[in-house]
Amino acid sequence: MSISRRLEGLPVIRFHYILLVTAGLGWMFDSMDTGIVSFVLPVLMKTWKLTSTQVGLISSIGLAGMALGAVLSGTFADYFGRKKVFASTLVMYSLATGLCGLSWDFNSLAIFRFLVGFGLGGQLPVAVTLVSEFSPAKNRGRFLVLLESFWAGGWLLAALISYLVIPKYGWQIAFFIGALPALYVGYLWRAIPESPRYLERKGRYDEADAIVRRLEEAAGINPKQEKISVSGTSSGKFPLAELFSRQYIRRTIFLWLLWFCIVYSYYGIFTWLPTLLAANLPLVKSFEFVLLITLAQIPGYFSAAYLVEALGRKITLASYLALCGVAAYFFGQATTTTDVLIWGSLMSFFNLGAWGIVYTYTPELYPTRARASGAGWAAGFGRLGGILAPSVVGWMKSGNMGSPAIFLMFTTVLIIGALNVAILGEETKGRTLDELTS
């Protein structure tokens with residue numbers, strides 16, 4: 001029996017939850033860093049007298065790093081292994097975050113944010129690939145959405161750090177706290193094994209078999225001593241060529257457009273949210289509002305984790321994108337604090353729920369030999385939207401365009417994303433990774 005079939009035959013055991021939490025903590029630290037910079041920017045805007053364009057550029061250069069990091073790390077993970085790349089990118093972005101606290105002007109912060117983005121962007125597609133390759137088909141969607149839910153925890157930590165620390169101790173300490181995840185890499189290295197699917201594809205059958213046997217024994221399964229059935233080894237085809245092969249070109253187009261739309265909307269909205277609120281509210285009160293809006297992400301994730309297996313990926317994702325677009329429109333029209341909280345919370349609920357499904361969908365659509373590359377290149381292309389969006393918002397603000405025009409733009413992008421899912425998406429619920437890529 002092949003390694004892949006043996007992994008699919010496992011019940012959910014303690015190891016799967018350890019993997020989820022261990023990878024999820026890395027995810028949470030990524031989110032915390034992204035959140036911290038969005039809270040620091042309103043402070044730096046006043047302290048360094050930054051223009052709206054410069055604030056947008058700080059956000060965009062981090063996204064440029066994320067795009068390059070996602071592309072290179074995804075490709076490296078298909079060649080050198082998921083675990084090595086996951087650990088190295090965690091260390092890189094943590095140390096670079098600490099350097100941000102030593103920034104002395106706009107240019108130095110921009111350089112450090114690029115390095116942070118490179119490490120952060122490299123970790124996410126590799127982490128989701130690793131978790132997907134260990135998860136049985138009937139639980140894979142739920143596990144991957146729950147992995148993405150750790151992002152909300154990171155934003156909450158960032159909001160709390162910014163609310164409690166920045167007003168008292170200054171913006172630098174927030175970045176120094178963001179460097180602490182580097183201490184976590186030792187535990188990660190011990191707790192997470194390499195993906196057996198990757199090892200099998202690389203011809204390292206004994207290592208793959210040993211890992212799966214440990215899991216089978218932990219599940220109370222007595223593995224039979226039998227000749228290992230090999231489901232295939234690495235082809236000579238370069239992973240990027242695989243993405244554009246006749247078999248996968250439709251999926252690649254679908255995923256790249258999907259990633260562009262969701263990254264554009266997320267980074268455009270949430271990078272600027274504290275600044276947009278701070279323009280009309282005291283700084284501390286704007287933190288409180290962002291914290292409340294961020295809390296809505298948590299039920300958004302959990303609802304998506306349930307619906308992604310109950311209804312399927314396609315209908316849930318298309319619905320969440322469309323409803324986020326509706327909420328964004330009314331958020332732009334909001335004139336009272338109550339309306340800001342209601343529509344902001346709904347926007348947060350549906351946008352982050354959709355993110356969970358996007359991270360579920362992406363690794364399911366490529367074979368093991370190109371899975372990390374596929375996830376990395378889709379994420380990398382999507383980051384172009386993230387690079388563009390903050391700068392577009394900064395340009396619109398500089399042109400005295402108000403919130404109604406800005407959020408109507410985001411509504412349009414989100415509806416395009418929903419139509420893309422409805423037209424090009426395919427249902428993957430309950431199907432094994434081998435079934436989806438055979």
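**A walk through the model**

Analyst: This is a predicted model. Let's start with T89, which is found in helix α4.

User: Is T89 buried or exposed?
Analyst: Buried. T89 has a relative accessibility of 5%, and the cut-off for buried is under 20%.

User: What does T89 touch?
Analyst: S73, G119, G122 and Q123, if you leave out residues up to four places away in sequence.

User: Which residues of α3 and α4 meet?
Analyst: From α3, S73, F76, A77, D78 and F80 take part. From α4, they meet R82, K84, V85 and T89. By class, that contact has four nonpolar, two polar and three charged residues.

User: How are α3 and α4 arranged?
Analyst: Helix α3 covers residues 52–80 and helix α4 covers residues 82–100. Their axes come within 7 Å and cross at roughly 140 degrees. The two helices are therefore oblique to each other.

User: New topic. What is the phi of K49?
Analyst: It is positive, about 55 degrees, although K49 is not a glycine. Most residues other than glycine have a negative phi.

User: Where does K49 lie?
Analyst: In the loop between α2, residues 14–47, and α3. K49 is exposed, with a relative accessible area of 68%.

User: How many disulfides are there?
Analyst: Zero, in a search of the whole structure. Take C261: its nearest cysteine sulfur is that of C324, 12 Å away. A disulfide needs the two sulfur atoms within 2.5 Å, so C261 is in no disulfide. C324 is in no disulfide either, and its nearest cysteine sulfur is that of C261.

User: Are C261 and C324 buried or exposed?
Analyst: C261 is buried, with a relative accessible area of 5%. C324 is buried too, at 0% relative accessibility.

User: Now the core. How many residues are in the largest nonpolar core?
Analyst: It has 133 residues. The largest share comes from α2, with 15 residues. In soluble globular proteins, nonpolar side chains tend to be buried together.

User: Which residues touch the most other members of that core?
Analyst: W27, W151, L255, W259, L317 and L321.

User: Pick W259. What is W259 in contact with?
Analyst: Setting aside neighbours within four places in sequence, W259 is in contact with W355, V358, Y359, T362, A378, A379, G382 and R383.

Methods: Residues numbered from 1 in each chain as written. Predicted model: local features only at pLDDT ≥ 70, side-chain atom pairs only at ≥ 80, totals over all residues. Heavy atoms only, no water. Axes fitted to C-alpha atoms, helices over the stretch in contact; angles between N-to-C directions. Helix = DSSP H or I, 4+ residues; strand = E, 2+ residues; numbered from the N terminus. Parallel < 35°, antiparallel > 145°, perpendicular 65-115°, else oblique. Contact = heavy atoms within 4.5 Å. Nonpolar A, V, L, I, M, F, W, Y, C, P; charged D, E, K, R; others polar. Buried < 20%, exposed > 50% of the residue type's maximum accessible area, 1.4 Å probe, protein only. Core = buried A, V, L, I, M, F, W, Y, C linked by side-chain atoms within 4.5 Å.
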